[in-house]
Amino acid sequence: MSKLHTLAAVAAVVLTATLRGSAAHGQPAAPVEAPNVVLVHGAWADGSSWAEVIPCLQAAGLKVTAVQNPLTSLADSVAATRRALAQQDGPTVLAAHSWGGTVISEVGTDPKVTALVYVAARAPDAGEDFVALSGKFPTGPVRAGIQQHDGFTTISEEPFLKSFANGVVPERAKVLYAVQEPTAASLFSERTTVAAWRSKPSWYAVSKLDQTINPDLERFLAKRMNARTVELEAGHLSLVSHPKEITDLILAAAGRRN
């Protein structure tokens with residue numbers, strides 16, 4: 001082989017290796033396989049809001065823990081989630097719905113946490129005024145149904161069933177209304193000190209029919225965190241109305257699905 005042909009062959013090998021390396025660099029890293037999932041519910045709810053998702057995750061072989069979030073303050077909710085996280089043996093996915101996204105954004109820097117999953121959820125930046133951010137998007141009809149008594153809020157029955165739980169079968173929606181957890185009015189203005197989604201891989205489920213958190217705000221949050229995102233034809237409670245899709249998203253974050 002001539003010297004010219006030899007140089008051309010070497011150049012071709014180098015170019016091929018470079019292109020392959022560039023393609024690999026452009027692909028997102030494969031999720032860490034996690035055997036554990038900790039679920040954090042949102043405002044006006046309790047751990048039973050995950051009841052449709054939990055058996056699906058368990059059937060896939062994951063250990064599942066649903067936090068009973070006290071909703072009295074951000075500090076109390078963070079403490080409850082840290083206690084649940086401390087009981088996990090090994091890599092863990094943190095998943096949250098609605099206001100619970102505030103909690104996992106604060107707790108998710110824990111070394112055990114390998115991924116974050118946000119389901120129609122808040123995802124504040126460190127120190128961010130999330131009330132001001134939300135105010136840049138149109139307000140949903142649920143807001144008008146919020147009642148306050150002795151520093152705690154609940155949603156009255158009609159807006160809860162029609163707007164907060166839109167898309168959920170009526171019988172299930174009535175159960176969720178019955179078990180809604182009163183939520184401290186001060187909770188929504190509290191601020192996180194960190195944003196775990198800046199350092200941990202994140203997934204986001206946007207609810208296209210959400211009447212509680214504006215869908216465009218959800219899209220903004222998902223894009224800002226560079227999350228792997230799905231959009232569902234669902235209201236705010238997609239974890240109830242679309243448990244398979246939410247399960248699949250969590251399993252992807254746990255390294256169990258593509």
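# Contacts, burial and packing in a predicted model

Me: What does S238 touch beyond its sequence neighbours?
Reply: S238 touches V119, S207, L232, P243 and I246, leaving aside residues up to four places away in sequence. The model is a predicted one. S238 itself is found in helix α9, residues 238-241.

Me: Why is S238 called buried?
Reply: Its relative accessible area is 0%. Buried means under 20%. S238 therefore counts as buried.

Me: How much of the chain is buried, and which secondary structure elements does it have?
Reply: Buried residues make up 50% of the 258 residues in the protein chain. The secondary structure comes to 10 helices and 9 strands. Among contacts with a separation of 6 or more, 71% are between residues 24 or more positions apart.

Me: What makes W44 and F164 an aromatic pair, and why is it called edge-to-face?
Reply: The structure holds 6 aromatic pairs. In this one, the ring centres of W44 and F164 lie 6.0 Å apart. The limit is 6.5 Å, so the rings pair. Their planes make 85 degrees. Over 60 degrees counts as edge-to-face, so the name applies.

Me: Where in the chain do W44 and F164 sit?
Reply: W44 is in the loop between β1 (36-40) and α2 (54-59). F164 is in helix α6 (residues 157-164). They are 120 residues apart, and the pair links distant parts of the chain.

Me: How do you know whether W44 and F164 are buried or exposed?
Reply: W44 has 7% relative accessibility. F164 has a relative accessible area of 2%. The cut-off for buried is under 20%. W44 is therefore buried, and F164 is buried as well.

Me: What makes F160 and Y177 a pair, and which type is it?
Reply: The centres of F160 and Y177 are 5.4 Å apart, with 70 degrees between the planes. Pairing needs centres within 6.5 Å, and edge-to-face needs over 60 degrees. F160 and Y177 therefore form an edge-to-face pair. F160 lies in helix α6 and Y177 in helix α7 (residues 170-178), 17 residues apart.

Me: Which residues do ring pairs link into a cluster?
Reply: W44, F160, F164, Y177 and F188.

Me: How do you know how the buried residues of α8 are placed around the helix?
Reply: In helix α8 (residues 215-224), P215, L217, E218, L221 and A222 are buried. Seen down the axis, the buried residues of α8 fall within an arc of 155 degrees, so they line one face. They pack against α5 (130-134), β8 (202-207) and β9 (228-232).

Me: What makes N214 a cap of α8?
Reply: A side-chain oxygen of N214 lies 2.8 Å from the backbone nitrogen of D216. A polar contact needs N or O atoms within 3.5 Å. N214 caps the N-terminal end of α8. Just after α8, N226 takes a positive phi of about 55 degrees.

Me: Why is K112 called partly exposed, and what does it contact?
Reply: K112 has a relative accessible area of 26%. That lies between 20% and 50%, so K112 is partly exposed. K112 is in the loop between α4 (100-107) and β4. Its contacts include L85, A86 and T92. A polar atom of the K112 side chain lies 3.2 Å from the backbone oxygen of A86.

Definitions and conventions. Residues numbered from 1 in each chain as written. Predicted model: local features only at pLDDT ≥ 70, side-chain atom pairs only at ≥ 80, totals over all residues. Heavy atoms only, no water. Phe/Tyr/Trp six-rings, centres within 6.5 Å; stacked < 30°, edge-to-face > 60°. Helix = DSSP H or I, 4+ residues; strand = E, 2+ residues; numbered from the N terminus. Buried < 20%, exposed > 50% of the residue type's maximum accessible area, 1.4 Å probe, protein only. Arc of directions from axis to C-beta. Contact = heavy atoms within 4.5 Å. Polar contact = N/O pair within 3.5 Å; in protein donor to acceptor, adjacent residues only side chain to side chain.
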